[in-house]
2 protein chains.
Amino acid sequence: MKVLWLFAHPDPRSLSGALKTEGLRTLDAHGHEHRVSDLYAMKWNPVVDADDYAHDPADRLLVGDASERAYATGRLSPDIRSEQEKLAWADTLIVQFPLWWYGMPAILKGWFDRVFVKGFAFGITDPATGRPQRYGDGKLAGKRAMVIVTAGARAATLGPRGVNGDLNDLLFPLQHGTLWYTGISVVPPLLIPSADRATPDDYATAATRLRDRLPSLPTTAPLPFRHQNTGDYDDGLLLHPHLATPHHPGPSAHYTAPPPPAHR
Amino acid sequence: MKVLWLFAHPDPRSLSGALKTEGLRTLDAHGHEHRVSDLYAMKWNPVVDADDYAHDPADRLLVGDASERAYATGRLSPDIRSEQEKLAWADTLIVQFPLWWYGMPAILKGWFDRVFVKGFAFGITDPATGRPQRYGDGKLAGKRAMVIVTAGARAATLGPRGVNGDLNDLLFPLQHGTLWYTGISVVPPLLIPSADRATPDDYATAATRLRDRLPSLPTTAPLPFRHQNTGDYDDGLLLHPHLATPHHPGPSAHYTAPPPPAHR
């Protein structure tokens, strides 16, 4: 594998930091290449603005249009281009973060906001069919991703009946709406629960689970998200009625089979 | 109402900016007070770090502990305290943003990451029962919120069968996991769809919908999220089995009744 490890925690001495080190060591031991984007260490700027696109501030900023033009003409800001190059190099993306308010820390959300510009990650049309290439199709198709998330909650409370909602549902905007949207296959997430009170034994368990998941990543079955363009959706991009339960089908309707439980 | 209007768009000349102006004018016309946190205009820093908490960088940064200590001793950074004071003043919170990668722009996610610290928004225990106060209970209970979201997608593709997932499911981490978690009641979101190609007529429609929603906000039925501490969850904080469909109940299991469609 060629792995881009995207990491977002303010303290390298954290549980998250230790797991990142453990993961990179595991990749080394198995002969896999890796590059790291340690967003806090890089002082990554997560805020989209006109400067990203060499945009004339006198003109109204239409983010999609401005980003597409800057991408096409090589005028995206250098920090964005550098991240796009790393992702282009990689065949595998690890997205590791502590779950803050049931989502990514802002510094990481802003990596996707800024790096996944129009023309690179969305707004791509198949020249043969004229159809938009997304949800399983696009320039990033062929790559794989895995989310690694540390959370204070107990595992069961992030399961199907847990008060916080199921982890795969909470991650739906990232796993389906961002990664799969751009064509990237997503294997089930690795959840490290009860992370704010981990004992040395808990750490050992977490590290073992991580060491198991990484080498098998290329052969792990991805989350079975539906493809946009293979007949499950109608021309208006709505699921055919027989594929959705009557009232509130929820995110699981966009899978062809139930995902495995997130908290193994 | 006393409204805090939280706004995250890089260009005030945008559709989003015009709707914010329209909304504030509507509040004025009805005699409601308002304050605004225009995050781009404020150059809001969305990145949690040790400086937020007057934290000694020689010590490991445990975000929850450090934020709780800084909150309790009045040593949170001044920009965070100022936002907490605005929210304490308000009885109503508007959260307005363009939907970027099916979530909040990073600058807005980082408002919640930094302002909603332990002791203020989570980690609060009922002294009488010893139970955590969250999901419908907590220091912010009694307030209301409404999300206003502009999106490029057509409304139906953000509905129950839409390829992008249902808007209420996409907003579950914000509406349930953040706002409701802290005790804030959330009325159904206002979706302004097809926003990147709005005509003057579309704008007029959007403005009318906004002008209708704002004055009725205090009497609008909130999303019927379940309360954590009123018997729907067992002692392990799992939904009682009879309240959840067998396999993948999804976010809708955490409502007592189906939410109204987001795209009215």
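This is a predicted model: local features need pLDDT of at least 70, side-chain atom pairs count only at pLDDT 80 or more; totals for chains, interfaces and linings use all residues.

**Stop 1**

Residues are numbered from 1 along each chain as its sequence is written, chains are lettered from A and ligands numbered from 1 in the order in which they are written, and side-chain values use heavy atoms, with hydrogens and water left out. For the complex, the predictor gives an ipTM of 0.96 and a pTM of 0.96.

**Stop 1**

Now select residues 1–213 of chain A, which an unreviewed UniProt entry annotates as "domain: Flavodoxin-like fold". Such annotations may be inferred rather than shown by experiment; positions are in the numbering used here and feature names are shortened. This stretch is 34% helix and 15% strand, and its end C-alpha atoms are 13 Å apart. Helices (H or I, at least four residues) and strands (E, at least two) are DSSP runs, numbered from the N terminus.

**Stop 3**

Pick strand E1 (residues 2–7) and strand E2 (residues 33–38) of chain A. How do they run? They are parallel, joined by six bridges; strands pair if DSSP finds at least two bridges between them. Zoom in on A:Val3 and you'll find A:His34 of E2(A) opposite. To get from E1(A) to E2(A), the chain passes through helix H1 (residues 15–29) of chain A, a right-handed β-α-β crossover. Right-handed means that, with the strands pointing away from you, the path from the first strand over the helix to the second runs clockwise.

**Stop 4**

Most residues other than glycine have a negative phi. Click A:Ala54, in the loop between E2 and helix H2 (63–72) of chain A: its phi is positive, near 50°. Then try A:Leu237, in the segment after helix H7 (200–213) of chain A, with a positive phi near 65°.

Buried or exposed, what is A:Leu237? A:Leu237 is buried, at 11% relative accessible area, while A:Ala54 is partly exposed at 44%. (Buried is under 20%, exposed over 50%, partly exposed in between, with a 1.4 Å probe and protein chains only.)

**Stop 2: the pair of chains**

A rotation of 180° with 0.0 Å of shift along its axis superposes chain A on chain B, RMSD 0.0 Å (least squares on the C-alpha atoms of residues with pLDDT of at least 70 in both). That is how a two-fold axis relates copies. Finish on A:Ala106, whose C-alpha is the nearest to the axis in chain A, 2.3 Å from it.
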